[in-house]
Every structure is written in C-alpha cells, then in structure tokens.
Amino acid sequence: MNTTQRLREVCKNITYKLGCVFTVDDDNDQINIILTRTEPDARSPEQLAEVHFNLLILKAELESLSDAELVNLLYEVAKGSELHEVDEWFKFRGIRVHDPHPDVPQ
C-alpha cells in the first residue's frame with residue numbers, strides 16, 4: 001500500500017466532531033491533508049460555513065511514518081483547526097484578541 005493509500009485508510013478510521021471530515025489529495029510529490037468542518041460562520045453565526053484546514057506536506061516526509069504517527073499528524077491538524085477557531089471566536093469587548101485572518105477585511 002502506498003503512502004497516499006495508507007493515509008486515506010487512516011483517515012477513514014478517524015472520528016472527530018460531527019460535520020468534520022478528513023480527506024487526502026495526492027499531488028505528485030506532495031500530499032494535501034484537508035480537514036473540512038461545517039459550523040457557524042464567525043462573522044455571521046446564524047449561517048453555516050464550510051471551512052477547510054490544510055496541511056501540505058512532502059510525500060517523502062510521510063513515507064517512513066507509522067500508522068500511529070499518521071494518527072498523531074491528523075490529531076495535530078484537528079488541534080490546529082481548533083486553535084484557529086479560538087482565534088476567530090474569542091473576543092474582548094467585541095474585538096478579536098487574535099485575528100487568524102489579518103489580511104482579510106472585517
């Protein structure tokens with residue numbers, strides 16, 4: 001089984017929050033790990049938004065990883081997505097303390 005197939009198989013066995021799905025895109029020498037989340041939009045909470053968190057990594061870096069290490073890598077992607085959400089939702093007096101999109105107009 002090649003690296004992409006192994007990672008996809010590991011992803012199939014990951015359970016996370018409702019509305020969250022891991023996918024894997026193979027782009028020759030790179031792999032894009034994508035965590036897609038459907039959740040309330042930070043700017044318009046009454047609307048749902050599909051949000052994508054990506055990790056682009058060289059395939060060569062993944063080839064030697066065990067399944068346990070791949071699981072840990074996916075855990076880190078999920079953890080990173082949570083920290084991103086904290087940055088979007090955590091406010092003091094209505095103002096974000098940390099803006100995860102400093103170049104995007106509010």
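Here's a quick briefing on the fold, the core and a few residues of this protein. This is a predicted model, where local features need pLDDT of at least 70, side-chain atom pairs count only at pLDDT 80 or more, and totals for chains, interfaces and linings use all residues. Residues are numbered from 1 along each chain as its sequence is written, and side-chain values use heavy atoms, leaving out hydrogens and water.

**Overall layout**

- You'll find 3 helices and 5 strands in the protein; helices (H or I, at least four residues) and strands (E, at least two) are DSSP runs, numbered from the N terminus.
- Going along the sequence, the pattern reads α-β-β-β-α-α-β-β.
- The C-alpha trace spans about 50 × 25 × 20 Å along its principal axes.
- Out of 106 residues, 31% count as buried, where buried means under 20% relative accessible area, exposed means over 50% and partly exposed is in between (1.4 Å probe, protein chains only).
- Take the contacts (heavy atoms within 4.5 Å) between residues at least 6 apart in sequence: 46% of them join residues at least 24 apart.

**The largest nonpolar core**

- A nonpolar core here is a set of buried Ala, Val, Leu, Ile, Met, Phe, Trp, Tyr and Cys residues joined through side-chain atoms within 4.5 Å.
- The largest one has 17 residues, and those touching the most other members are Leu7, Phe22, Ile31, Ile33, Leu35, Leu62 and Leu74.
- Two or more residues each come from α1 (3-12), β1 (20-27), β2 (30-40), β3 (48-58) and α3 (67-89).
- Helix α3 gives the largest share of this core, with 5 residues.
- Leaving aside residues up to four places away in sequence, Leu62 touches Thr3, Arg6, Leu7, Ile31, Ile57, Leu70 and Leu73.

**How α1 meets α3**

- α1 and α3 pack at about 65°, and their axes are 10 Å apart; axes are lines fitted to C-alpha atoms, for helices over the stretch in contact, with angles running from 0 to 180 degrees between N-to-C directions.
- On the α1 side the contact uses Arg6, Leu7, Val10 and Cys11, while α3 brings Asp67, Leu70, Val71 and Leu74.
- By type, those contact residues split into 6 nonpolar, no polar and 2 charged; Ala, Val, Leu, Ile, Met, Phe, Trp, Tyr, Cys and Pro count as nonpolar, Asp, Glu, Lys and Arg as charged, and the others, Gly among them, as polar.

**Cysteines**

- The disulfide count is 0, a disulfide being a pair of cysteine sulfur atoms within 2.5 Å.
- Cys11 is in no disulfide, and the nearest cysteine sulfur, on Cys20, sits 13 Å away.
- Cys11 counts as buried, at 9% relative accessibility.
- Cys20 counts as buried as well, at 15% relative accessibility.

- Asn32 lies in strand β2 and is buried, with a relative accessible area of 18%.
- Not counting residues up to four places away in sequence, Asn32 touches Thr23, Val24, Asp25, Asn54, Leu55 and Leu56.
- Lys59 is 27 residues from Asn32 along the chain, and their C-alpha atoms are separated by 9.3 Å.
- Ser81 belongs to helix α3 and counts as buried, at 0% relative accessibility.
- With residues up to four places away in sequence again left out, Ser81 touches Tyr16, Leu35, Arg37 and Phe53.
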